[in-house]
Amino acid sequence: MTKTLTKAPFKADHVGSFLRTEPIKEARKAFANGEIDKAALKAVEDKEIEKLVQTEIEVGLKSITDGEFRRSYWHLDFLAGLKGVELFEAEYINNFKGSQPKNNAIKIVDKIEFHNHYMLEHFKFLKDAVEKYGDGSQVAKFSIPSPNMLFTRIQGDEYYNGDTEQFYHDTVVAYQKAIQAFYDAGCRYLQLDDTSWIDFVSEERIKAVVEKLGMDVQDIIDTRVRCLNDAISQKPDDMLITMHICRGNFRSTFITSGGYHTISDAIFANLNVDGLFLEYDDNRSGDFEPLKGFTRGDLTVVLGLITSKFPDLEDSNRIKDRIKEASQYIPLENLALSPQCGFASTEEGNVLTEEDQWNKIKHVIEIANDIWGTI
């Protein structure tokens, strides 16, 4: 592993998505209305992503993303790019506590496979931009949904006709190929976003998933651990893979509340990821007691203590006190700081301004520098 990668996740890190700029919004609207073609849209995206990369570097971030500027959703765009998976408009049931996202979903229409995914080009563009504008200390970070976001969202799909083992096998193999393909494209910092774990943060959610699947709760948890571990089992040694967990993030709203107690052993001791990004920006995320499940000295736990949902800056001393509290369970050198989620999990974005967004990022960096001396 290179010297740069041993530092990641960085002491001041972030989940990945940023508010879409006005030129991006206007171009995507024009494309949807048939006023510009795909090449014209890409030209605007390219320009805005280069500007974003420069801003990330200027404020002091070391993990650099493309802000997910080319996506509508944090997960559906990638999943629909897998062979055998198709995007469609579903009858919508709103899970968020307030705003309602678009009613898009995915379905399986053929065998799931990874083949020449279009997002490989997205990563290559990002990597080139980081090399062009950076000084060599930055790393191009790319985020894709966890395999659990496919395997758990469409269980019982008609194509596989209840053959869960084949469905599982094809999902895992597709992700193994995806990880290798991103590595071959130059990716050394890959993040798997996984909201499936919110099934276990409250008694209500646990009851619902147990009734739906007809399985013991521990068996369900073990299956999700196995799915992710099998998917990353063949990753190259010098590739860093992290996982991000949140409880929903759309227009500054959320899906559910609850702590990590039920999944503490699963995520801290049994997952073979290099880092965990955890939502901890308010009381909805519970206390730090589940951190006692931490057993791995090579794991970095990134505490999402800064909210991406609202513009007000958290009290720095309060954040430092919370990090000190967390260090009772996890050594300080194994902790890091970030916002709890991205600023725009969907293209609509959270309810704050671009200036607010960058103030949040600077806040993370300043606090991390005070605690660890370097990010």
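Predicted model: local features only at pLDDT ≥ 70, side-chain atom pairs only at ≥ 80, totals over all residues.
**First stop: α7 and α8.** Select residues 203-213, which form helix α7, together with residues 217-231, which form helix α8, and look at how their axes come within 10 Å and cross at roughly 85°. With that angle, α7 and α8 are therefore roughly perpendicular to each other. To see where the helices touch, show the side chains of Ile 206, Val 209, Val 210 and Leu 213 in α7, which meet Val 217, Ile 220 and Arg 224 in α8. The residues of this contact of α7 with α8 divide into 6 nonpolar and 1 charged, with no polar residue among them.

**Second stop: the sheet.** Now colour the strands and follow the open sheet of 7 strands, in which the order runs β1-β4-β5-β6-β7-β8-β9 and the pairing is parallel. At its edges lie β1 (63-64) and β9 (335-339), each of which pairs on one side only. Staying with β1, select also residues 139-145, which make up strand β4, and you will find the two strands paired in the parallel sense over 2 bridges. Within this pairing, Ile 64 stands opposite Ala 140 in β4.

Move on to residues 316-326, helix α10, and residues 354-372, helix α11, which pack at an angle of about 55° with their axes 11 Å apart. That angle makes α10 oblique to α11, and α10 passes α11 in a right-handed crossing. For the contact itself, display Ser 316, Ile 319, Lys 320 and Ile 323 on the α10 side, and His 363, Ile 367, Asp 370, Ile 371 and Trp 372 on the α11 side. Sorted by kind, the residues of the contact of α10 with α11 comprise 5 nonpolar, 2 polar and 2 charged.

**Last stop: a salt bridge.** The structure holds 21 salt bridges, and one of them can be found by selecting Arg 28 and Glu 347, whose side chains meet at 2.8 Å, N to O. Which parts of the chain does this pair link? Arg 28 belongs to helix α1 (residues 22-32), whereas Glu 347 sits in the loop between β9 and α11, so that the pair, 319 residues apart, links distant parts of the chain.

Conventions: Residues numbered from 1 in each chain as written. Heavy atoms only, no water. Axes fitted to C-alpha atoms, helices over the stretch in contact; angles between N-to-C directions. Helix = DSSP H or I, 4+ residues; strand = E, 2+ residues; numbered from the N terminus. Parallel < 35°, antiparallel > 145°, perpendicular 65-115°, else oblique. Left-handed = near helix turned anticlockwise from the far one by under 90°. Contact = heavy atoms within 4.5 Å. Nonpolar A, V, L, I, M, F, W, Y, C, P; charged D, E, K, R; others polar. Pairing = 2+ DSSP bridges. Salt bridge = Lys/Arg side-chain N within 4 Å of Asp/Glu carboxyl O.
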